[in-house]
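Me: I am new to this structure and want to know what lies behind the labels. Please show it, and then let me ask.

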Amino acid sequence: MGVHYLGFNFSLDVCQKCGEKGVFDACINCGGNSITRIRRVSGYLEILDYFTSEKKAEVKNRRKNNGIQKLPLVIYVT
Ligand SMILES: [Zn+2]
């Protein structure tokens, strides 16, 4: 069997007020809530606001696996 598919997800949030980048609910620099969120659900990175409602629901259902602490990435397992 083995691994048939493996995808690395580099989630990114960008604050529209100050430009801070990272992954956060509210901006860690200015506290702003106007944030562009970039996620990968079906093969490519895309701005979360452009997702269909089904893809947005899938993002909410995914859980983060932060088992690899030394790498700056988040792996989603569905
Ligand atoms: Zn900010």
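Predicted model: local features only at pLDDT ≥ 70, side-chain atom pairs only at ≥ 80, totals over all residues.

Me: What makes β3 and β4 a pair?

Reply: Two strands pair if DSSP finds at least two bridges between them. Strand β3 (residues 35-40) and β4 have three bridges, in the antiparallel sense. Three meets the cut-off of at least two, so they pair.

Me: How do you know that β1 pairs with β3 and with β2?

Reply: Four bridges link β1 and β3, again antiparallel. There, D13 stands opposite R37 in β3. Two bridges join β1 to β2, which run antiparallel. Two is enough, because the rule asks for at least two. In that pair, V14 stands opposite K21 in β2.

Me: What order do the strands of this open sheet take?

Reply: The order is β2-β1-β3-β4, with antiparallel pairing. β2 and β4 (45-47) each have a single partner strand, so they stand at the edges, and one side of each lacks a neighbour in the sheet.

Me: What counts as a strand or a helix here?

Reply: Both are DSSP runs, numbered from the N terminus: helices are H or I with at least four residues, strands are E with at least two. The chain has one helix and six strands. Along the sequence the pattern reads β-β-β-β-α-β-β.

Me: Where does K17 sit?

Reply: K17 lies in the loop between β1 (12-15) and β2 (21-22). The hairpin of these two strands has five residues between them, and G19 takes a positive phi near 85° there.

Me: Why is K17 called partly exposed?

Reply: A residue is buried with 20 or more other C-beta atoms within 10 Å of its own, exposed with 12 or fewer, and partly exposed in between; C-beta atoms are placed from the backbone. K17 has 13 such neighbours, so it falls in between. Across the chain, buried residues make up 5% of the 78 residues.

Me: Which residues does K17 contact, leaving aside neighbours within four places in sequence?

Reply: They are C27, C30, G32 and S34. Contact means that the C-beta atoms, placed from the backbone, lie within 7 Å. The C-alpha atoms of K17 and C30 are 7.9 Å apart. That value is for C-alpha atoms, whereas the contact rule uses C-beta atoms.

How values were computed. Residues numbered from 1 in each chain as written. Contact = placed C-beta atoms within 7 Å.
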